[in-house]
Amino acid sequence: MRKLIATVFNYSLDGLIADEDTEFWKFCFDLPENREPDDAGQLEFLRNTYAHVMGRTAYEGIAPAMTTATDHPFSEIMTAGRKVVFSRTLKTADWANTTIASGDTTEEIDKLRTGGEGHIVVWGGVTLWRSLMRLDLIDELHVSMFPYVAGEGTRLFDGVPRSYALELMSSEASRNGIVELRYRRPR
């Protein structure tokens, strides 16, 4: 069974996700890790992805960026990869290899999990992450913690279960102080 791995990026020390047009957003995208990601391990992780899962808002932000910035290291991987957008309002998805899932979330995820190779990466957005946490569907949570106290942004964990234990799998700091945290949900 494939693992469902939620990736949380641009996350501050005070527990906020960078909202577009904030100082924290500018800080995040001024760092080379976001502008020109070149981590071989991260690229391999994405190449081994069976499906890229996202909500409508994330899709509407990621699709134009990856289809116009063809020199971005993720662009070719993401465009060639299978993408599933969870939305009850989105009617069409023009990005290659994209389908829309509008049925029961648990059933849709279970269909993706069935089979062999690869893993499933959840790119966001916040509403989808929270929904997956409430349904206890996330197997791993990968968090990119930035060395920044934002003071403004979106709280990821609002409205999720009060008790949600995780086990640390690894932590690694980049040259710019971003700490990559990998947790697993004990089963």
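Helices (H or I, at least four residues) and strands (E, at least two) are DSSP runs, numbered from the N terminus. The model is predicted, so local features need pLDDT of at least 70 and side-chain atom pairs count only at pLDDT 80 or more, while totals for chains, interfaces and linings use all residues. Residues are numbered from 1 along each chain as its sequence is written, and side-chain values use heavy atoms, with hydrogens and water left out.

**Phenylalanine 9**

Begin by selecting strand E1 (residues 4-11), which contains phenylalanine 9. This residue counts as partly exposed because its relative accessibility is 31%; buried means under 20% relative accessible area, exposed over 50%, and partly exposed in between (1.4 Å probe, protein chains only). Show next the contacts of phenylalanine 9, contact meaning heavy atoms within 4.5 Å. Beyond its neighbours within four places in sequence, phenylalanine 9 touches Ile17, Trp123 and Ser144. A distance drawn from the C-alpha atom of phenylalanine 9 to that of arginine 82, 73 residues apart along the chain, reads 21 Å.

**The largest nonpolar core**

A nonpolar core is a set of buried Ala, Val, Leu, Ile, Met, Phe, Trp, Tyr and Cys residues joined through side-chain atoms within 4.5 Å. In the largest one, of 28 residues, select Leu4, Val8, Val53, Val122, Trp129 and Leu132, which touch the most other members. At least two residues of this core come from each of E1, E3, E4, helix H6 (105-113), E6, helix H7 (126-134) and strand E7 (140-145). H7 supplies the largest share, five residues. Now centre on tryptophan 129: with neighbours within four places in sequence set aside, its contacts are Ala6, Thr7, Val8, Ile17, Val122, Trp123, Gly124, Ile138 and Leu156.

Finish on helix H4, whose buried residues are Ala58, Tyr59, Ile62, Ala63 and Met66. These pack against strand E3 (49-55), helix H5 (75-80), strand E4 (83-86), strand E5 (98-101) and strand E6 (119-124).
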